[in-house]
Amino acid sequence: MSNNEKTEDQSGTKAASIVPASLSESRPQTGDGMKRAAAKEQIEKFYYQLTDGCGRENCENAHCASSPTFILRDQERNTLALKAVELFRNKADLCGVQPSKVARAAKPAQASSSSQGTSPCEPSTSACTTPVKPVVSFMKPSSSSSSLSEKSASMASVQYLTEEKIKELVDECEGSKSWSKFIRLIGATFNNPESLSISFLMQPEGSGQTKHSKDTNTKKFDEDKDVDEKEDFIDIQSKHKNNQTAIEQLNLSEDDVSVDIASVRRAFDALMNIPDLPFIPALTNALTYLAKGVHIDLKFNPLILKQNPQLLNVFVIVMELPCLSSPEFIERAFPDFCKALCKLPLSGQCKLAKVWAKFGADWVRERVQSLHQLITVRIVNNEGRWGRGYHINDDADIASATRVMKILYYASIYGGERDSEKTIAEEKSINDDDENLQDMLQLQGAVGHSEPKELRHQKEDPYAQQLNAYSIDCRKPLVPYEEFINELLNEYLDVETDYKYKDDTDDTKISFMNHSYILTTASKFTLMYFDNRVRMFNERRSSILQTIVHGLPPIPYLRLQVRRDHLIDDALVALEMTAMDNPQDLKKQLFIEFDGEQGLDEGGVSKEFFQLVIEEIFNIDFGMFVYNEEQNVFWFNPTSFENDGQFTLIGIMLGLAIYNSTIVDVHFPAVVYRKLMGKKGTFEDLKEVDTTLAKSLQELMDYSEDDIDEVFMQTFQIGYKDVFGSSLTHDLKENGNQINVTQQNKKEFTTLYADFILNKSIQKQFRAFKRGFQMVVNESPLKTLFKPEEIELLVCGSKEFDFSALEQATEYDAGFTADHRTIKHFWEVVHEFTEEQKRKLLQFTTGTDKVPVGGLSKLKLIIARNGPDSERYS
């Protein structure tokens, strides 16, 4: 068949697959998706009757290509497809009925030359057969509605694939120079979930036979001996019974499937080595029908996976196809397959995540890239539609691809380097205690202010709960978190629409806020900003309602009035009173008033307030923090004389800065933000706090000689100094000064040492600090959206001073344009500034010298004339 004929045939098949809305009058008004599938199948029968005929000489049906009176012989495939729809509408007659059994393969001599390259099965010489094997549903019809034909179909025999069968048939087709037989086998197997679920099954060791060797259940299809008398068939019920026995012999764990993955990959490699890949059209069509059929089954029978666990084999096998990212699959089969996969129950999706986690980083990365390609193609193809009442959140293909990516995301975490179960359990116990105390304090503080509001904590992701795999516990996933981000999607993301969908349960829509792995830090920051503003608005509305109903004084904002010469005292006292009186007031919008100064806080006054407060609090003379000059970071002073309340108030300040989207000049090591997210500091974090100590301990770990105790002369007693320089000691273990560090216990020593420095020595101070921080952000999506390193970015801002990006994002007004001579001179001068001069320019124009999340392109800078007749800026 020529390339033109192949293209024409594919388009004709596609046209024949479409059931128009007008056909609703010709089928029972049940509304059942299965009726649509049946109608589509019937149209396909008419289409193949028009294109290939029934195979009987002198057929009397005028609408059959085998009939001498057939008048549409020279028509194009698309014309025949439309004719097939018309025949279905008019309830025309088909040449014959579909047999209850389909052969595994047909003899080369029987192949129809007109079917090569596209037709999944060949015509019979004795009766007209159905060109395409119908989708066999996994759903079990009820006894009240199941017909005799449905019961017969459930007993039908199906084809299946093995590595040996594929290789033998490939060799046979190469010898005969005809691939029609192979194409029919691929089409008949991949459009049938029953066939695919029993393909490539594992073989128990010592069985002495191939997994799909012929057995006593092999039967002959006697009704059409002229065609099928030498063909093999497998009865479904007997096959499943034998498969179940064989699977039990494999002793598979709950995280395994019965598919022989190595065999699947070898078989698919053989497929991809076939010249010109003639089976791709048939495979694409078959997978499209397979996906739609499985989608319907899963939609209307939620218990199907319990009834037939081998259904997961279908998804495992299809995801092994090397051609998933090919244009043919991206356009048709892959989106439908993703929709079917999303319909799996949570337990099934989590099991797939466990299975795929074993396949390694390269495998997961390739599938993630295929999904990115699908999403990108959908966005580009519909570029003109976005933002005109139709958003990327409304696209079912993008939604399903993103949800499938979530399974791969958790597979990457599940298979990555995670913290030990013991460590996670300890952290969970501590975090639960802290949260209970936090809730109790906030509810007690709200007493006397009408009815205390129930705290709305962010829900944990059900995938993470089911798998017990959280991103915060995995420092090194199989695939870096950054590779799950789709930049193009973030460009077209509408924050308001996405936020509106975050509680929507419609499968055809999606909120990317609930799938934050695909978002950039800047997009997540914008979403959290939107969420915080909604929360502030709700607090204002609640305050007004309390005034009307209970007569309480209106307090719509968190208003702090401070004196510049008593800044710390005034700020901390005001925050302490608010936290004790009603902690919910901390979630109102912050307004700062400097005593004796007039002005409305539009954001600039708050920025100045935070800057001044942070400078004073982190003054080493204050004694609450110690400064590491080598690392340029502050750390909690373990011997501080300040009470817990002072650290709590500092935590509140940091929480307010994030909640009010204000960047502050805080130099904490990254481990502080990990601890704020509920993690413990480990030896890996020590280098951020004390590089010298971390290097010394690493040298101890790297030393492999037996004289380690003589060389290092170290015991389990360590020494450190307080703020006054006095030497102190601490035993890491009981009687630590009598326990020498050896090769056997050196790892324990470094672990306990790091734990003391990062956790135990500052436990009192940090828990108070964290408690204050959580008073502000405990209802915020901060923890669910961001990773610790991203929270550091929220607090401190970006470190990239890309003024070219700022130039591109700047807007002009009052006669200035980007091409104006004055503007060109301005940017020439700015680009020659030193970094310090650029910081001063930012400070002058924005009120802070910090770069916002997402870079300088996120700043809204407008340059205008200072009057219509002036060349000066304003």
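Visitor: What share of the 874 residues of the protein count as buried?

Guide: This is a predicted model, and in it 50% of the residues count as buried. Each of those residues has under 20% relative accessible area, because that is the cut-off for the word.

Visitor: Which residues is F182 in contact with, leaving aside its neighbours within four places in sequence?

Guide: They are I166, L169, V170, C173, L271, I274 and F279. Contact means heavy atoms within 4.5 Å, so each of these seven has a heavy atom within that distance of one in F182.

Visitor: Why do 48 residues count as the lining of the second largest pocket?

Guide: Lining residues have an atom within 4 Å of a pocket point, and 48 residues line this pocket, so they meet that condition. F525, P852, V853, K858 and L859 lie nearest its centre. The volume of the pocket is about 1300 Å³. The largest share of the lining, seven residues, comes from α22.

Visitor: How many residues of that lining are nonpolar, polar and charged?

Guide: The lining of the second largest pocket divides into 17 nonpolar, 19 polar and twelve charged residues.

Conventions. Residues are numbered from 1 along each chain as its sequence is written. This is a predicted model: local features need pLDDT of at least 70, side-chain atom pairs count only at pLDDT 80 or more; totals for chains, interfaces and linings use all residues. Side-chain values use heavy atoms; hydrogens and water are left out. On a 1 Å grid over the protein atoms alone, a cavity is a set of points where a 1.4 Å probe fits but cannot get out, and a pocket is an open set with protein on both sides within 12 Å along at least five of seven lines; lining residues have an atom within 4 Å of a point. Grid points are joined across faces, edges and corners, and a volume is the space filled by probe spheres set on the points. Helices (H or I, at least four residues) and strands (E, at least two) are DSSP runs, numbered from the N terminus. Ala, Val, Leu, Ile, Met, Phe, Trp, Tyr, Cys and Pro count as nonpolar, Asp, Glu, Lys and Arg as charged, and the others, Gly among them, as polar. Buried means under 20% relative accessible area, exposed over 50%, partly exposed in between (1.4 Å probe, protein chains only).
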